[in-house]
Amino acid sequence: MRRVSLRTQLVVLGLVATLIPLGVLLLVVFGVEEDETVDTTSDGEVIDAISESGVSPWIPITAVALAIAATGLVWWWAKRAVDPIERMTELTDDVQAGSLDRRLGLDGASVEIRALGESFDRMLDRLAAASAVERRLIEDASHELRTPLAALAARLEVASRRTDPSDIADDIARCEADVDRLRNTLDALLASTRTRQSELEQVDNDLVPIVQRLVDRQRLVSPSVPITVETPGSVVIGVDGPSVERAVANLVANAVEHGGGSPVSVDVVETDGAVTITVTDRGPGIAPDRLPTIFDRYSGQRHGLGLALVKQVAEAYGDVEIESPIDDGRGCRAVLRLRR
């Protein structure tokens, strides 16, 4: 048998708590307030006794009116107490149907119910963010992997028909280049996804070894490009270390790739309210008409994700700007600021 609803239980409990004291009061009134008139003779003999009730007829009328009012008040109170739970149930059904846009917003509820509603809304915010990350990852993977996969498949098909060993070797080298591009793209996609998932993380990280490590790695990849680093002894700040490392690595790799072989400098400066990481090259710079869209996804820079990832990290922890040219019509300076 289906259990009685919470609203009904609250109504019954409220009526019991209201009507029982009222009933007891009526019993007392009717049982006690009674006047008795006694007629006697001169010798004291009782002739007649008349009992007259001293209870006003308005008392039962008032009691009935109070009972009706109490019933209505209890019903309203029970509905007000149960409504937030019913709204949560409806919202849960919407979430199961795939909708993550609605929120409870129980501003007028009691303290306990409002706290529960706020916790529920925060959970929905995280679910919506995770769903957005998943959708963006699918979109990015579809956009970024389609072209290199198609090129790789075409080259493999051509290579399967080759007979000249030198042509086969050339096709294999091209396929390896396509595989490297796919690997780099996947790394960028995963880093972008990680950044979106960890934007709110505030873990203490020392930026000095992070910057030194990524610069050493870049020196191995590009030994012909001089890269200098200027840092304090230690810079501890609350950020997601891998996300910031990937962002700075993209700035350094971008300066090396587009700096025309010019020296690249990386400077870390600590202030009271922020930590600034500046990456500078002396290359040909960036055309002025490209600066407004330099951080857009799929803008062409480093397969469309490198600088977009930098912007994503900057929005989570601070800001970023790129200045070009910096002097004599040449050079580029990227400044990543991380708030404390």
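## Helix packing and a cis proline

Pro 325 lies in the loop between strand S8 (318-323) and strand S9 (332-339). Strands (E, at least two residues) and helices (H or I, at least four) are DSSP runs, numbered from the N terminus. The peptide bond that joins Ser 324 and Pro 325 is cis, with omega about -5°.

This is a predicted model, in which local features need pLDDT of at least 70, side-chain atom pairs count only at pLDDT 80 or more, and totals for chains, interfaces and linings use all residues. Residues are numbered from 1 along each chain as its sequence is written, and side-chain values use heavy atoms, with hydrogens and water left out.

Two helix pairs are listed below. Axes are lines fitted to C-alpha atoms, for helices over the stretch in contact, and angles run from 0 to 180 degrees between N-to-C directions.

| Helix pair | Axis distance | Angle |
|---|---|---|
| H5 (residues 207-221) and H6 (residues 241-258) | within 10 Å | roughly 40° |
| H6 and H7 (residues 306-317) | 9 Å | about 135° |

H6 is therefore oblique to H7. H5 and H6 are oblique to each other too. Angles under 35 degrees count as roughly parallel, over 145 as roughly antiparallel, 65 to 115 as roughly perpendicular and the rest as oblique.

H5 passes H6 in a right-handed crossing, while the crossing of H6 and H7 is left-handed. A crossing is left-handed if the near helix is turned anticlockwise from the far one by less than a right angle, and right-handed if clockwise.

Contact means heavy atoms within 4.5 Å. Residues of H5 that meet H6 include Leu 207, Ile 210 and Arg 213. Among the H6 residues that meet H7 are Ser 243, Val 244 and Arg 246.

Lys 311 has its charged end over the ring of Phe 295, 5.7 Å from the ring centre. This requires NZ of Lys or CZ of Arg within 6 Å of the ring centre and within 35 degrees of the ring normal.
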